[in-house]
Amino acid sequence: MEKTTLSNRTKYLNPYIGGVLLGLVLLAANFIAGRGLGASGAIKSVVVSTTQTVAPKYAENARFFKEYKEEHSGSPMKNWLVFQMLGVLVGGFVSGAFAGRLKFKVEHSPKITSRRRLIFALLGGIFFGVGSQLGRGCTSGSALSGMAVLSFGGIITMMAIFGGAYALAWFFRKNWI
Amino acid sequence: MGPLAVNDIISSNTNFFLAFVIGIGFGFVLEQCGFSSSRKLAGLFYGYDMVVLKVFFTGGVTAMLGLLFFSLFGWVDLGMVYVNPTFLASAVVGGLIMGAGFIMGGFCPGTSFCGAAIGKIDAMIFILGLFIGVYFYAFGYPLFETLYKATPMGSPKISTMIGLSDGIFALILVVVALGMFYVSEWVEKTFPREEY
């Protein structure tokens, strides 16, 4: 009996309280670093860093990597978002540990197989990866952080992300409902 | 006073350390809200769970109001805070591609790291996809470059563009957010939620 109460209590945080806390984290980022939160930028850092290591000649000549070097000084891994994303992994893990949610599993609707879920997860990741580069940031860096500083581009990207997902929701409904 | 790092009040290494601390807060809050679950996130698009909208807009509005008040109190110089630049065409196309990724994958980049941190294998595969996507973009950059650099508009604020002060625009956004919260509470009652 007591166990049920405990698991009910620790299930998820009230979304409005969670939202205020998220806003305070984002405010702290802006106050301390003068910039918002982000995720895809850290992936870009890893992509640039690995390419520079594995194929230095290519990285020196290819435009994408040349432009990155012009815009950023120092090692691509010594980057604000890389440190922030390492923190996200730690914070997510600690929260999951407190809430008793640490478990290896493929989460999916009972109506689809794990295999189907993983194929669509991979596809979704690929699309999000490409889109985040074009959009100069993802849901965190462009949409959320952009909204906090009233960036026109950030708010446009936000509407395009959610609008695009709603427009396609019908076609992918079998994966979720 | 603020931003601390831009004004050299803290060193670059302290800034990196604080990035890590801020990241812990970010990951902790996302996971506490249930953003480590793709089924919970995708609920937004089918109406059975509107947690994304509630957390996202409460967070955005809180940070926005915080920055405006900090600026009013003289605690932060908004002119030194990074405002994302606007390239209209790539913002729209990139956003739509991300939307497709969201509905297929059930995560966005930040939330996928959160899911992976607690052992979600679908989140780890999503991250693998993210890397493939960014490598593809980097190696195929000549294909994307024209679109990426099209229609540059500088870094305008939406308030300036529609001719309102930041404060008035913020007030409108707060009212819109409250309206959306009201609607999403109603939507959740309308569409049944399974246990997951």
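**Helix packing and the chain interface**

In chain B, residues Ser38(B), Leu41(B), Phe45(B) and Tyr46(B) of α2(B) are in contact with Phe102(B), Ile103(B) and Gly105(B) of α4(B), contact meaning heavy atoms within 4.5 Å. Helices are DSSP runs (H or I, at least four residues), numbered from the N terminus. By class, this contact comprises 5 nonpolar, 2 polar and no charged residues; Ala, Val, Leu, Ile, Met, Phe, Trp, Tyr, Cys and Pro count as nonpolar, Asp, Glu, Lys and Arg as charged, and the others, Gly among them, as polar.

The model is predicted: local features need pLDDT of at least 70 and side-chain atom pairs pLDDT 80 or more, while totals for chains, interfaces and linings use all residues. Residues are numbered from 1 along each chain as written, chains are lettered from A and ligands numbered from 1 in written order, and side-chain values use heavy atoms, without hydrogens and water.

Chain A contributes 119 residues and chain B 126 residues to the contact between them. The two chains bury about 10900 Å², 75% of it on carbon and sulfur atoms; buried area is the accessible area (1.4 Å probe) lost on putting two parts together, summed over both.

Between chain A and chain B there are 5 salt bridges, each a side-chain nitrogen of Lys or Arg within 4 Å of a carboxyl oxygen of Asp or Glu. A salt bridge joins Lys120(B) and Glu107(A) (3.6 Å, N to O). On the side of chain A that touches chain B, α2(A) gives the most, with 18 residues. The residues of that side divide into 69 nonpolar, 36 polar and 14 charged.

Technical notes: Helices (H or I, at least four residues) and strands (E, at least two) are DSSP runs, numbered from the N terminus.
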